[in-house]
Amino acid sequence: MDAMLHRETTRGGMSDDARQASDTAAAAGIPLLQLDALVKCFGRFTAVDRLVLDIKAGEFFALLGPSGCGKTTLLRMLAGFETPDAGRILLDGQDIAGVPPHQRPVNMMFQNYALFPHLSVQDNIAFGLKRAGLPRAEIEARVADMVALLKLEDMETRKPDQLSGGQRQRVALARALARRPRLLLLDEPLAALDKKLRENTQAELMRLQRQLGMTFIVVTHDQEEAMMMADRIGVMNAGHLVQVATPRQLYETPNSRWVAEFVGGVNIIDGRVESRDAGRVTIATPDAGRVTAAAPLQALTTDQVCVAIRPEKVRLSAHGSAPDGGDAAEINRLTGVVVGISYLGGQTRYQVRLDSGALLRASVANTARLDLDAFDTTQRVVAWFDPGDCVVLDR
Amino acid sequence: MKQLSRFNITALALGLAFLYVPIVVLVIYSFNASRLVTVWGGWSLRWYVELFNDAAMLSAAAMSLRVAAVSATAATILGTLAAVALTRGESFRGRTLFSGMLYAPLVMPEVITGLSLLLLFVAVNAERGFWTVTIAHTTLTMCFVAVVVQSRLGSLDRSLEEAAMDLGCDPLRAFLKVTLPLILPSVMAGWMLAFTLSMDDLVIASFTTGPGSTTLPIRIYSEVRLGVKPEINAICTLIIGSITLVIIAASLVSKLSSRQGESAAPL
């Protein structure tokens, strides 16, 4: 692998100068990719709206968002299939917004793989290398490297329709990687695979990215996939990047109600700030009475707020028995009746109808095989949560 | 498969008989030894021998083949380009109008096409002959090619071309390296369709042809007006035979391409 990475190329890949230039750029702390107020409209619909983003070299970045949020449009602008209406795309400090796709040091793996059906596996992989005008021996060596890297031995002469879904995915990846792009774009790379294969392939993609030290940008609507693979995730909604953060930050400190609801399950309780003291806020809510939460990191615009609590941070105890731990002042303690139970193996999800009539979701890890503490439907329970586990957000 | 009922078998037999009995009669009578078309005089290849000694008929056949080959090739190139422009081009102003205009000759009465072309050739003072018939047949068959190619292009995944460009092809090379090989079966089917249409055409050819460039259908038609000779049966049998071969070849080509994982060329 090392030999392959360091073998210098004439065209298509990187020249010595380009590599040195990018090394100095990286040393100077200039991000590999900078998006500067990027705008793309289709007619009157703004798909991407003044988007700003920096991506460092060697990063595994995921663009996450619901369908129609503009993430694919953004990816297509990076590949060169769409021209931005305004703004700049800086790759190694150079604006490539007007460069046609075939002249960009960027490659893309398509959602449906877009393998050429009339070419064999090795011709598919060699396609981009031939266009780059590499010498025949170099092409053969690189194809062999890719075949070994993606475990495609014994399939070189097959046509794409003689391959399984997982094999096609690997050929598509090999074809895009063969040109050694500065940036690899992956459009929903795992969407067409079944669940089991998807998990293996996620690990495989992470291994490849670390091994090659390449920069990956992956577009996905599957948050679990994004969290599993990416170093950082950019959450998009309606053409805007609403939050860019590591998976943990995204889940534990969402910066808006929308992000909290989009990433993972969450209980949202609306209320009004009643008092603030010593790093805590007390919020009066119609659904859950008085809720005490750790003071929010960001400034709130009004005192009309909501409290977000992840289901696994809600703890349940049978009514009457004293809950273990908790706050001495008995804050954030609600009573209700279990109305729904979903057993999911590793965890059990409960729906609790609070006395106020609101529904609260709680998720309990099944740490023992015979769970004697499991609750039944119609059982009265106490639900409680720590103030530090509450995130206070603008409504 | 479901068993055919007695009624269905009868209906099928009647339908096939309606279509093919005249043709079968024609083929059988081409081997007739008698000079009279309607009287059976025993088996013979006499009229085939006579046909191959009929210089006028042979030169008409050669003319038809040349016109068909040249016009089918021109129509295939133009029709393919039109199909590419209409399916792949950015949506330009008047695109709907363009595709409508492309399809119009399909339903245009041939008499009108022939007459308007004749008026055009007279107006520009073109000498009527091989080239005027070829141009006329190109205009007639181009839209058929465009329709066949367009339906294939429409079902072709756009991202294949994008992948080619992503991997370093400019748009022209992406077309030549990826799109063209994938639509080739349809392009070939379009060529064969254009060839047959041109071979078959009587109306437009008779409007646009000149002295010394008689095509086979015109020749046959003028002979028949003087009375049907068994020789006509012989040449018709040869035409039927060659068309059958072309159709078998076309279906083999599309079957071959469908075995490559591509959907067969719709025809």
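Let's begin with a definition: two strands pair if DSSP finds at least two bridges between them. Helices (H or I, at least four residues) and strands (E, at least two) are themselves DSSP runs, numbered from the N terminus.

Hi everyone. What we have here is a predicted model, where local features need pLDDT of at least 70, side-chain atom pairs count only at pLDDT 80 or more, and totals for chains, interfaces and linings use all residues. Residues are numbered from 1 along each chain as its sequence is written, while chains are lettered from A and ligands numbered from 1 in the order in which they are written.

Let's look at the sheets of chain A. One is an open sheet of 6 strands with mixed pairing, in the order β6-β7-β8-β3-β9-β10. Its edge strands are β6 and β10 (240-245), each of which pairs on one side only. On average, neighbouring strands in this sheet are turned by 20° against each other, direction ignored; the axes behind such angles are lines fitted to C-alpha atoms, for helices over the stretch in contact, and the angles run from 0 to 180 degrees between N-to-C directions. As background, strands of a sheet pair through backbone hydrogen bonds, either parallel or antiparallel. For a parallel example, take β7 (residues 183-187) and β8 (residues 215-220) of chain A, joined by 5 bridges. There, D187(A) stands opposite V219(A) of β8(A).

Chain A also has an open sheet of 4 strands, β2-β1-β4-β5, with antiparallel pairing. Here β2 (45-55) and β5 (94-95) are the edge strands, pairing on one side only. β1 (residues 33-42) of chain A and β2(A) share 7 bridges in the antiparallel sense, and C41(A) stands opposite T46(A) in β2(A).

While we are in β2 of chain A, please find R50(A), which lies in that strand. R50(A) is not a glycine, yet its phi is positive, about 40°. For context, most residues other than glycine have a negative phi.

Now, what lies across β1, β2 and β4 (86-91) of chain A? That is helix α3(A), running at about 65° to β2(A). In α3 (residues 71-79) of chain A, 9 of the 9 residues are buried, so this helix is largely enclosed by the rest of the structure. Among these buried residues are L74(A), L75(A) and L78(A). After α3(A) comes G80(A), with a positive phi near 105°.

Next, the core. A nonpolar core is a set of buried Ala, Val, Leu, Ile, Met, Phe, Trp, Tyr and Cys residues joined through C-beta atoms within 7 Å. The largest one has 153 residues, and L185(A), I217(A), V307(A) and A383(A) touch the most other members. Helix α6 (residues 130-155) of chain B gives the largest share of this core, 12 residues. Leaving out residues up to four places away in sequence, L185(A) touches several residues, including L75(A), L78(A) and I217(A). Touching, or contact, is when the C-beta atoms of two residues, placed from the backbone, lie within 7 Å.

How do the two chains meet? Their contact takes 20 residues from chain A and 17 residues from chain B. On the chain A side, β6 (106-109) and α4 (121-131) each give two or more residues, and α4(A) has the largest share, 3 residues. By class, that side has 10 nonpolar, 6 polar and 4 charged residues. Here Ala, Val, Leu, Ile, Met, Phe, Trp, Tyr, Cys and Pro count as nonpolar, Asp, Glu, Lys and Arg as charged, and the others, Gly among them, as polar.

Last stop, chain B. Helices α4 (residues 95-107) and α6 of chain B pack at about 120°, with their axes 8 Å apart. Residues making this contact include L102(B) and Y103(B) from α4(B), and L140(B) and C143(B) from α6(B). The contact residues divide into 8 nonpolar, 1 polar and no charged.

In the loop between α5 (110-123) and α6 of chain B sits N125(B). N125(B) has a positive phi of about 60° although it is not a glycine, and with 6 other C-beta atoms within 10 Å, N125(B) is exposed.

Key:
A residue is buried if 20 or more other C-beta atoms lie within 10 Å of its own, exposed if 12 or fewer, and partly exposed in between; C-beta atoms are placed from the backbone.
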